[in-house]
Amino acid sequence: MRQIVVGVSGATGIILAYKLVDFLTRTENIVHLVMSRAACKTAQYELGEEYASPSLWKKKFSAFQQNYLHCHPIHDIGSPIASGTYPTDGMVVVPCSVATVGALAAGLADNLLRRAADVTIKERRPLVLMVRETPLSPIHLENLLKLSRCGVTIATPVPAWYHRPKTLGEMEDQLVGRILAALKIPNDLEKSWQGTIPIPAMIDPVEGEL
Ligand SMILES: Cc1cc2nc3c(=O)[nH]c(=O)nc-3n(C[C@H](O)[C@H](O)[C@H](O)COP(=O)(O)O)c2cc1C
């Protein structure tokens, strides 16, 4: 049974974190959920009042899933996930703000989310940051390069169109699938590329077959 830390910071795209927690708990992985204050505010804007804290999220899941979900207050720096001695299988920050990126690049572990990520880096465990900002400044890019060189996976919530998604939900699933793939967790959310589809011969109306 895997133990995955899911950090949610104050960037847009909170639904991706919610879907990730849903998938991980449905598939019997233990999730340690920690949300920054800005994440709670963003969740309130994007999902509604009833999603404005980790404990409110917990209420949304089935009793089965709740057994796998541990919520940690952002200020609880004494939590088990604040220590490298606590064995986790990795961490995801989704969505990841550039403020959190900056803090991690500087080694600033001033709340539980940042401390847990700092621990994940120092213990050389998988860390995936789904960074959400655009455009990116040289400061953001330098911070991301620094973290990438430490072995951190920098993912971005950039959808793929070649699967021809029909809904925003399908695009979100594909992005959550990408996160799971980065953690090497098998999933049915991401459609893998099967090679190009043979395209019937195209006829140029003037020149004939292309
Ligand atoms: C609705 C909303 C959306 C935001 N979206 C982003 C975003 O996409 N990317 C980002 O880096 N910051 C975004 N911010 C700003 C961050 O929340 C802010 O910089 C905050 O200090 C980040 O703190 P945290 O990283 O501890 O969560 C957003 C803020 C709000 C209120």
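Helix α6 (residues 112-122) lies across β1, β2, β3, β4 (90-96) and β5 (127-131), and runs at about 135° to β4. Here helices (H or I, at least four residues) and strands (E, at least two) are DSSP runs, numbered from the N terminus, while axes are lines fitted to C-alpha atoms, for helices over the stretch in contact, with angles from 0 to 180 degrees between N-to-C directions. This is a predicted model, where local features need pLDDT of at least 70 and side-chain atom pairs count only at pLDDT 80 or more, though totals for chains, interfaces and linings use all residues. Residues are numbered from 1 along each chain as its sequence is written.

Now for the sheet itself. It is open, with six strands in the order β3-β2-β1-β4-β5-β6 and parallel pairing; strands pair if DSSP finds at least two bridges between them. At the edges sit β3 (69-72) and β6 (153-155), each pairing on one side only. From one strand to the next, the twist averages 20°. Strands β1 (residues 3-8) and β2 (residues 30-35) run parallel and are joined by six bridges, and V6 stands opposite L33 in β2.

V6 turns up again beside V21: leaving aside neighbours within four places in sequence, V21 is in contact (C-beta atoms, placed from the backbone, within 7 Å) with V6, V31, L33, W57 and L69.

Then there's the ligand. Of the 16 residues around the ligand, G10, A11, S36, A38 and S97 come nearest, where near means a C-beta atom, placed from the backbone, within 6 Å. Two or more residues of this shell come from each of α2 (37-47) and α5 (98-105), with α2 giving the largest share, five residues.

Note on methods
Contact = placed C-beta atoms within 7 Å.
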